[in-house]
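Dear colleague,

I am passing on a structure that I have been looking through, and my notes follow it. Please read them with the model open beside you.

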Amino acid sequence: MSLQLDRRSEELRLRVVRRPLRHDSAAKHVAGSATFVDDIREPEGLLHIAAGGVPAASGQLLGVDLAAVRAAPGVVAVLTAADIPGKNDVGPVVHDDPVFVESRIEFYGQVVFAVVATTREQARRAAKLAKVAAAVGTHCVSVDDALAAGSHILPDCTFRKDDSAAALAASAHRVKGQLRIGGQEHFYLEGQVSLAIPGEDGDMLIHTSTQHPSEMQHLIAGMLKVPVSAVTVEVRRMGGAFGGKETQAAQWAALAALAAQITGRPCKIRLDRDDDMCLTGKRHDFLSDYEVGFDAEGRIQALETVMASRCGYSADLSGAINDRAMFHADNAYFLPAATITTKRMKTNTVSNTAFRGFGGPQGMMVAERAIDEIAWALKLDPLDVRKRNLYGEGRDITPYGMLVEDNILPALLDRCEVTSDYRARRRKIAAFNAQNGALKRGMALNPVKFGISFTTTHLNQAGALVHVYQDGSIHLNHGGTEMGQGIYIKVAQVVAEEFGVDADRVKILATSTAKVPNTSATAASSGSDINGWAAKNAAGAIKERLINFAAGAYDVVPSQIEFRDNRVFIGNQSVPFAELIRKAYLARVSLSSTGFYKTPKIHWDPATGKGRPFFYFAYGAACSEVLVDVTTGEMKVQRVDILHDVGRSLNPAVDIGQIEGGFVQGMGWLTTEELVFHADGRLLTHAPSTYKIPCASDVPEHFNIALWDGANREDTIYRSKAVGEPPLMLAISVFAAIADAIHSLNPDKAVPLDAPATPESILRAVQAVTS
Amino acid sequence: MRGEIRILRRGEVVKLSGISPTLTLLDYLRLTERATGTKEGCAEGDCGACTVVLRRLRGERLVYEPVNACILFAGQVDGCEIITVEDLARDGTLHPVQQAMVDLHGSQCGFCTPGFVMALFALYHRADTRPVDRQRVNDWIAGNLCRCTGYRPIVDAALAACAETANDWFSTEEPDVRRTLGDLKDSEDIFIGTRERFFAAPASITALAKLYFSHPDATLVAGSTDVGLWVTKQLRDLPKMIWLGRVKGLEEIEDRRDAVSFGASVTLAEAMPYLAALDRDLGELTRRFAGTQVRMAATVGGNIANGSPIGDLPPALIALGATLGLQRGDRPRTLPLESYFLDYGKQDRAPGEFVRVVRIPKFGEGEHFRCYKISKRFDSDISAVMGAFKLRLDGTRIAGARIAFARIAFGGMAAIPKRARTTEKALIETYLDRPDTLEEAIEALAQDFSPIDDLRASAKYRLDAARALLRRALAEIGGASTRRTRVVGFREAADVAPA
């Protein structure tokens, strides 16, 4: 009780966090003055790089004739593997990502050389003049190809809970099915770009668009064969990333650094959009088989699933991504017995990589489809089946042995059911469907439970650096990178709150490996959680020194000192913040501090597949309604109601932006966005003309977002919750609603709808249930 | 003869004489001016990050046109003022559209933002698009992609900023700008370069015919929404470029009692109201044709002349019975549009011959028209299947009407936009209210077309969808409400929708 009161009074004292402050760069964004890497004023003597690739998806490189390339106008240098002083590798975990092909070809277009020229156009034109000869081998393009060929990039992995085979056998009902889930191109609006500037002693400064400056620094040092300390990587902002600039920035940063080292001149590479789409990894597509056993009420007795993913040619982050698919194959549902397997398939395509949700969405799709299958088999409303299967008291251990302690979903789902008017609209939809032939409506209300923390435990650490200058202005650095998600403003709010000053007193600086070392990627939704705490710890250390100083200088006890409203209240008097700072400086108080944070409580044992990989879960629910033309497969999303849990928000405007944006991105993944590969391994949908992310009119006309009101039970930064990834999975409700519309055609059949639900995919499912 | 292009830029007339024919406006801005506010997102006119606004005189009207700078050649902005994102704020005060974007959290990563701001700035200044409601904003920004926000705050910003009549510093300076742009107008032919390498913009049909006749290897450019990609994506060298945008007579629209004609340089944006007036579905098709920026540049003539198998207008125009006027030297000729398309990548156009005009006949008594586009995304996508249907019914009663005549064309079903002649024949003498009489015609589609599998759809889907579209057309012409036959682009208002 007293703890609650404390919290309430603490909450009332907050002045800066909780406020819907604008993105710190908003005014610059709209004026065109926010500087992205390609906008940095070009240094004198800048050279431009273009990469050249192989014309086959597999086989051996026979020879590369670069004579015409070297002779082309403006060409200064041509680089191949032989030019790399250190390691020809930019692989993040398993070292299997060469900067340049040496002999074995792994995917169509894989980089074999790079041209360095005076202008970008000259470099691009020259790159086309190479003659690359290859002995073409056999290759796998799809998951199916790789399964047939037994082509694995990493060993299979399984979570086991209880005896699922016995539990399946004992179940009153069983359903088997298969779900095909497409991949997804990140389509960050700013493509991959890096600018490398050589310094003295072999030093290298690299401006690049990446979520992982430390990894870029380490990989580049290894490639250049210089100490890590010689390389500085700086990121002011990215024009979108979504996971696509975690590992995938490395090859281009490496090319820029290599070219700069060899030519001794600043070098820049900016990929053309089509090259970016052809040469960088995407979300993993999955082919998932499942069998679920359940009782007459639709309660799951056992789930068995084998999820095979297209990892591409190298391991990249596929291990952890597949792990997360397994961590979320339960979604929000209690599985008394389960066997959850992933197969990590090697294909001769780009190496698939992190993408918002990181395998979680694909795992969740299986759980949500299994629930729909149960509802269809028993002719129950899917929402009732969902509610019956939620985690609850005595039903609270996940398949990986973690206790679900903060299960707010039963209440959250109930609220969403009411605010979306689910039951009444269900009846209206049934009436509409009874009266219409070509058009059918569908609706679905789906929960999301997403685990927060890197499942690779050591990554859950962060650092920050705070300086206070003599005029009271504050300089903030931390390991988080800004890709539009608002981490800079959120962490600045935390620091401003700590010092009791306005957020605009906090100068936000580019993320730099020279300021904060050994950082983790800004990923796994963890950015504000861990960097926020690290920055608070840094600011808190300075504040503590200031309190000690003021207590002595003004002869008061520390508890009588308070920082707020840009002033410091000391006993019965107050002074401007800047004045106290000036006095502290003269009294020789250190006004600079680093801060560090590591996430508590988490542990994970990969060998047993048990532990507590997540500090906490973020929850949400979405109710979507769609209109489907069952003669052509055309579909329109008509209304969406979202209720999402962000704990106590650091910045509700930023959080709502993440929820809306994540939802629409997820909707694109499951509807309009289709990656199509040619049998020879070429990506055919390599530009926005052929790969269709949602545009404005795809957003439902009725789009209602609400925040769940409740603090994080764990001691996160100001009791907030991570929000980057979880909302993407709310879009599974759109996919389920489409299946629901198709189901109205024949209540006796399961709907074999595959993702993405393009008109063709929808029509195929319609034909399957009506044939 | 003029050896330079002239643009108005930040209050100054800028003359460009030594430009390469393939210099894009975006490269001019970012590399020459070092004005880096305008971004390159895709370099193919599909994402809108490079949107700039051309303030120009169209006849006597001063208009604000958002265009994609990435695929517009610098020569094509002759006589225009170029307004970029850096130009909107004045004396430290953001423009109302910028302020609304800031206030309503319309930017996240900020990379697409300059393009959205410029698109909204143009919308703010376009009296013809008021009142600005959500649907209009969605249409207007269909050519701008944002991957972060989910669009809602951007649309809200547009609604907030465009609620009032335009009244900003750009409105104030309009009289001066009108005068300056008026002074830049002349009837000179532009020729920059040499006989081997040039950018030319003839001012008359005679000059165009003569120049193209003597340089049949030159590339004709109208809006450059296709040719632009030859440069940015294929890195093709186009040494000789002839731009149609200054040719007097090609910009004409003739709206007669029996037909409407579009000169070869009439843009989709300009043609749109006339097409919409012909038939609501034609308006909807044009609305879904690319995005605003592309429609501001792309031409009806270009969409035909380039012979694309997936061009969205030709199937509709073929079904409507359009004819094409061509000219080579001083010799004009006319042919039915469907005869222009010979085979994949092959058209009935001789070297040195150019499209001069497209003529679309209006509807006669008892004639009905429908057209539909199926694509993965509704807006700004290329069709997987596009079907267009023109039927003439006997008598005035629709119920029980007999089909007397049918013209049906499809896109995406063959290497060229093509008529469904077997199906057309099979429809004659059938009755709209007797489905059994129609089945034979629907099945005949399989004889007319053998579509292929590609990235947009499979052959099977295409044929299935084509059948569905024919059924839909017959049902609708037979009286069914489109509220029961389609999911977008309704012909009836919402209040007649079923409960």
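Which side chain is joined to that of Gln293(B) by a polar contact? The partner is the side chain of Thr51(B), at 2.9 Å, where a polar contact is a pair of N or O atoms within 3.5 Å; within protein, one must be able to donate a hydrogen and the other to accept it, and residues adjacent in sequence count only if both atoms are side-chain atoms.

Before going further, please note that this is a predicted model, in which local features need pLDDT of at least 70 and side-chain atom pairs count only at pLDDT 80 or more, while totals for chains, interfaces and linings use all residues. Residues are numbered from 1 along each chain as its sequence is written, chains are lettered from A and ligands numbered from 1 in the order in which they are written, and side-chain values use heavy atoms, with hydrogens and water left out.

Gln293(B) lies in helix α12 (residues 292-297) of chain B; helices (H or I, at least four residues) and strands (E, at least two) are DSSP runs, numbered from the N terminus. Gln293(B) counts as buried because its relative accessibility is 2%, buried meaning under 20% relative accessible area, exposed over 50% and partly exposed in between (1.4 Å probe, protein chains only). Beyond its neighbours within four places in sequence, Gln293(B) is in contact (heavy atoms within 4.5 Å) with residues including Pro66(B), Trp140(B) and Asn144(B).

Elsewhere in chain B, helix α1 (residues 25-32) has Leu25(B), Leu26(B), Tyr28(B), Leu29(B) and Arg30(B) buried, and the buried residues of this helix pack against β1 (5-9), β2 (12-16), β3 (51-58) and β5 (81-83). Just after α1(B), Arg34(B) takes a positive phi of about 60°.

Now to the two chains together: 77 residues of chain B are in contact with 82 residues of chain A. Between them the chains bury about 6500 Å², 55% of it on carbon and sulfur atoms, buried area being the accessible area (1.4 Å probe) that two parts lose on being put together, summed over both. Arg147(B), Leu235(B) and Lys376(B) supply 14% of the area that chain B buries against chain A, more than any other three residues.

There are 14 salt bridges between chain B and chain A, each a side-chain nitrogen of Lys or Arg within 4 Å of a carboxyl oxygen of Asp or Glu. One of the salt bridges links Arg270(A) to Glu40(B), with the closest N and O atoms 2.9 Å apart.
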